[in-house]
Amino acid sequence: MSEMIRVLLVEPHKHPRLVEVEHTLENLQRLVGGYIAASYPWDDHVSLVYDDDGKFKEGNEANRVLEDYDVLVGPFFICGISRDDFASMCDDLALKFAEKFWMPESFLRLLDGLMVVREDDGTQPGEEFLHDVDRKAVE
């Protein structure tokens with residue numbers, strides 16, 4: 001049996017949530033709905049993991065804006081990184097990125113681009129967020 005890792009899962013139209021998943025390629029692919037790709041857009045010791053073909057799949061919804069230069073499509077997750085692999089997120093980074101992606105976003109096509117509408121429900125993740133871990137995200 002593989003080790004379990006804790007990641008921050010971000011799905012379209014939902015608040016991010018912490019999930020614990022068995023660290024296998026198949027389970028990580030299930031989280032994002034396809035072959036995984038990873039990028040490292042931040043200085044923090046984390047990886048952004050998403051479906052490599054997500055933008056081209058019929059029915060995948062735009063999810064969140066990435067640093068004002070890209071739109072992430074479909075579910076993605078953020079995890080810690082070790083020397084040569086994905087790892088669990090520490091509490092500080094889990095909370096930091098939960099806050100960053102807390103508000104779900106909707107996208108409207110305009111003639112000259114996209115308009116992003118943030119769905120603010122007035123809530124923010126708090127300390128209790130770190131203890132509410134979904135251990136059955138992938139079965």
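Trainee: Why is the contact between Lys-100 and Glu-67 called a salt bridge?

Mentor: A salt bridge needs a side-chain nitrogen of Lys or Arg within 4 Å of a carboxyl oxygen of Asp or Glu. The closest N and O atoms of Lys-100 and Glu-67 are 2.7 Å apart, so the pair meets that cut-off. Before we go on: this is a predicted model, where local features need pLDDT of at least 70 and side-chain atom pairs count only at pLDDT 80 or more, while totals for chains, interfaces and linings use all residues. Residues are numbered from 1 along each chain as its sequence is written, and side-chain values use heavy atoms, with hydrogens and water left out.

Trainee: Which residues are joined by salt bridges that share partners?

Mentor: Glu-11, Lys-14, Arg-17 and Asp-134 form one such network. Within this group, the closest N and O atoms of Glu-11 and Lys-14 are 3.8 Å apart, which is within the cut-off. Glu-11 counts as buried because its relative accessibility is 17%, whereas Lys-14, at 44%, is partly exposed.

Trainee: How many salt bridges turn up in the whole structure?

Mentor: The search finds nine. One of them pairs the side chains of Arg-6 and Asp-91 at 2.6 Å, N to O. That pair spans 85 residues, from strand 1 (residues 4–10) to helix 2 (residues 91–100). Arg-6 is called buried because its relative accessibility is 13%; Asp-91, at 39%, is partly exposed.

Trainee: How do you know that strand 9 and strand 10 pair?

Mentor: DSSP must find at least two bridges between two strands. Strand 9 (residues 105–110) and strand 10 (residues 113–118) have six and run antiparallel, so they count as paired. Leu-108, for example, has Met-115 as its bridge partner, and a hairpin of two residues joins the strands.

Trainee: What makes up the lining of the largest pocket?

Mentor: There are 13 lining residues, with Glu-61, Ala-62, Phe-107, Arg-109 and Leu-114 nearest the centre. A pocket is an open set of points on a 1 Å grid over the protein atoms alone, where a 1.4 Å probe fits and protein lies on both sides within 12 Å along at least five of seven lines; lining residues have an atom within 4 Å of a point. Strand 9 gives the most, four residues.

Trainee: Which residues touch the most other members of the largest nonpolar core?

Mentor: Among its 21 residues, they are Leu-8, Trp-42, Ile-78, Met-89, Phe-97 and Phe-129. Strand 1, strand 4 (46–51), strand 7 (76–81) and helix 2 each supply at least two core residues, and helix 2 gives the largest share, five. The name applies because such a core is a set of buried Ala, Val, Leu, Ile, Met, Phe, Trp, Tyr and Cys residues joined through side-chain atoms within 4.5 Å.

How values were computed
Buried < 20%, exposed > 50% of the residue type's maximum accessible area, 1.4 Å probe, protein only.
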